[in-house]
Amino acid sequence: MSIVSKVFTALLAPLVAVVVAMIITSVVVAASGNPPMDFWSIIFSRPADRVFVNIVNQSSMIFLSALAAAIGFRMNLFNIGVEGQYTLASYTAAAFAGAAFLPGKLNIFVSLLIAIAVGAIWAGIAGVLKVTRGVSEVISTIMLNAIGITMAGYLLLNYGQKYGSGRRTTPLEASSEFQGWEPLGSAAGAVWSLVILALLAGVAFSVLINRTRFGFDLRATGMSESAAVASGVKVNRMVVIAMMLSGGIAGLIWMPALFNGAHYYGPTFQAGLGFTGIAVALLGRNRPLGIFFGALLFAFLNEQSNRLTLETDISANVVQITQGVIVLAVVVAYEVVRRYKAAAEQRAVTKQLGENRPTDGEAVPA
Amino acid sequence: MSTTVAPERSQATRAQWYARSWMAIVLGVLVAVSAVRIITGAHEIDSKGSLQAAIIATCPILMAAIGGMWSERSGVVNIGLEGQMILGTWGAAYFTYYYGPWQGIAGAALLGAVGGLIHAIATVTFGVDHIVSGVAINIIGLGAAKFLAEAYFKDLKSERGTGGVKQLVGLERPPSFTVPGVSDWASTLADKHWFVVSDLAAVLAAVTTRMSWVTLLVFALVALSAWILWKTSFGLRLRSCGENPQAAESLGVNVMRYKYVAVLVSGALAGIGGGYLALVSSSGFVTGQTNGRGFIGLAAMIFGNWRPGGILVGASMFGYTDSLPLRSTSTIHALLLLVAIGLIAFALFRLVKGQRNSAAVLAVFGLLFGLWYALTEEVPRDFTSMTPYIATLLVLAFASQRLRMPAADGQIYRKGSAG
């Protein structure tokens, strides 16, 4: 296959998915009695400076979340528990940082390590249960989500300080916060300093998966576990390590926000990023570059939709439908393209073998 | 559940054996509960009110779990139950407002089935990974319910209900019934706090006083599902698609069609569960109402080993703990003793069977719960809301070797692959 057709088939599925999602969203908007053009003209308008900055910040968190999910997905491990892992990790890190045992930036560094550790341990439970007791990680991580979120609530209620009608962890000291970077002037707000974490994690992910023995084993296990075992991969160990890596990255998700203006873990904590991350990982085919664009798209839709509430009668929640449909459509489209390519390959082979036997275009069953 | 029955036993004695062991378990539980109630003085653990609250909390979980069972018995994993349930809550509110409560339940089933249809198209026709599709359906269901609520409920205001951006409350409820005579008599007896007798009376009082007809419908649907899946040839074929679709297809079963039917029914049942939440558990639709109950349903299904009897037990247990936050903390504290007794009884059972290791582990846990009961005065409420999840994890960790899911569950099947 030439480069052009390779690029074409790689981009075909996401493009088809976005188009399908646009059509379905238009239908939904029209069904609620609003002209779809109103919706699209707002979504596709040029974002204000402030929104630009928000998109960058939000997409860094979504990117981290998707990366966490993707590590597991690459070896067929479904870590649905990113949500619980980052909630618990965020609470613990915020509580530690707020207590200010350490001075200034050292406090930030150690808090980040704690966030990684908590996320890794929480995900590790699911990994250990899988390899020692044969418990499906899908179910155990769903359960651990609920337990972790409840536990964070319980800890906050009992050890947090009163704040308004709710509770929060002790706010950070100013020396343990970053100022961010204001490329578009102070009115537009700051790009969080720890956005850099997302970039570093993306590069590390890419190197680990594509350039190391571990990454090779991980991908091999994902493609064929029996083949991996036959070539000497210790699958059980891989499962636990991959789960813990996934949880470790999950622990970092909310850290950019915490050290740049969130000050504390409390009512303002942004929940739900874990599930968004799963969706973006699927959208980006578990590749860092794909996830990068997926995260930007999701953050863009989220931020632009805020204007809907102010300027139209359309509910901003419609973008959630758009996002869900994009994910579903993209996986369907990938599957269709895969089947088409498999059938085309079969036809080519048949032709080369010079047989006149008719084929029905069916792929070999997996 | 133990199934160590000698193969030479006939069908009839096997059924008798099952019935007898179930009777023994039920009786044992009853005596234990009653004893704990008398010892601790926490009469609320099985009072009429507690049991009613528990039944109301059980039904949505039960519907989701039975829905999951339908789907997984045909070989399609459905973790989109939560999303289908959410769609059901919206459907129930919309149809109740415009047509009436029974139409509301039908509307809940319809909206849930739409969620099921999406799942079926993605997984059965296009062969998308079942978990991936389920995750997407949960996102879509949540977003759609919020969007639809804002679009259709915002301006509603009449004697039939009051709408808002996130809710539609004050809806007409489906009818309920009280069995005259029996209800009062049983309630009086239950209030006497006698050993065992009052506990039985409380159960009778709970099911004869202000019992919603929808609750009956739910239990009828459970029985119907069990009958269809295990006693009809349709059910046999459907289950064969979940065990060995290639073999089923080679025998002329239209695997695709059976999977579609199963996933649609699955969505509809989950939708009814959502409808129950909106119309019976509360008096209207509020966004975020399901609060993860679809996932608890999934847990109840696994807990119940993909079988209706086990699911009933799992869903009741989870429903009971779900209703606990409404009770006083002393009641919850008394339950620790019950759990301790249960674990130790189970440990003895394992010991008799010669499984020393698991007996020891269970006994240690039992003693720990006993200590927890003895050394504390109350249990934090947050802990009780974690119970279903921790119980599921423990069951999976200790009994996953005994659980057996349908053999081809979660596998993607393509038509004609039987060769």
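**Figure 1. The area buried between chain A and chain B is about 3,900 Å².** Carbon and sulfur atoms give 75% of this area; buried area is the accessible area (1.4 Å probe) that two parts lose on being put together, summed over both. On the side of chain A that touches chain B, the elements giving two or more residues are α1 (3-31), α5 (104-133), α6 (137-159), α12 (273-283) and α14 (318-353) of chain A. The largest share of that side, 13 residues, comes from α6(A). Helices are DSSP runs (H or I, at least four residues), numbered from the N terminus. The model is predicted: local features need pLDDT of at least 70, side-chain atom pairs count only at pLDDT 80 or more, and totals for chains, interfaces and linings use all residues. Residues are numbered from 1 along each chain as its sequence is written, chains are lettered from A in the order in which they are written, and side-chain values use heavy atoms, without hydrogens and water.

**Figure 2. Residues in contact between chain A and chain B.** Chain A gives 46 residues to the contact and chain B gives 45 residues, where contact means heavy atoms within 4.5 Å. The count of salt bridges between chain A and chain B is 0 (side-chain nitrogen of Lys or Arg within 4 Å of a carboxyl oxygen of Asp or Glu).

**Figure 3. G67(B) lies in helix α2 (residues 48-73) of chain B.** G67(B) is buried, with a relative accessible area of 0% (buried means under 20%, with a 1.4 Å probe and protein chains only). Apart from neighbours within four places in sequence, G67(B) contacts L81(B), S266(B) and L269(B).

Notes
Buried means under 20% relative accessible area, exposed over 50%, partly exposed in between (1.4 Å probe, protein chains only).
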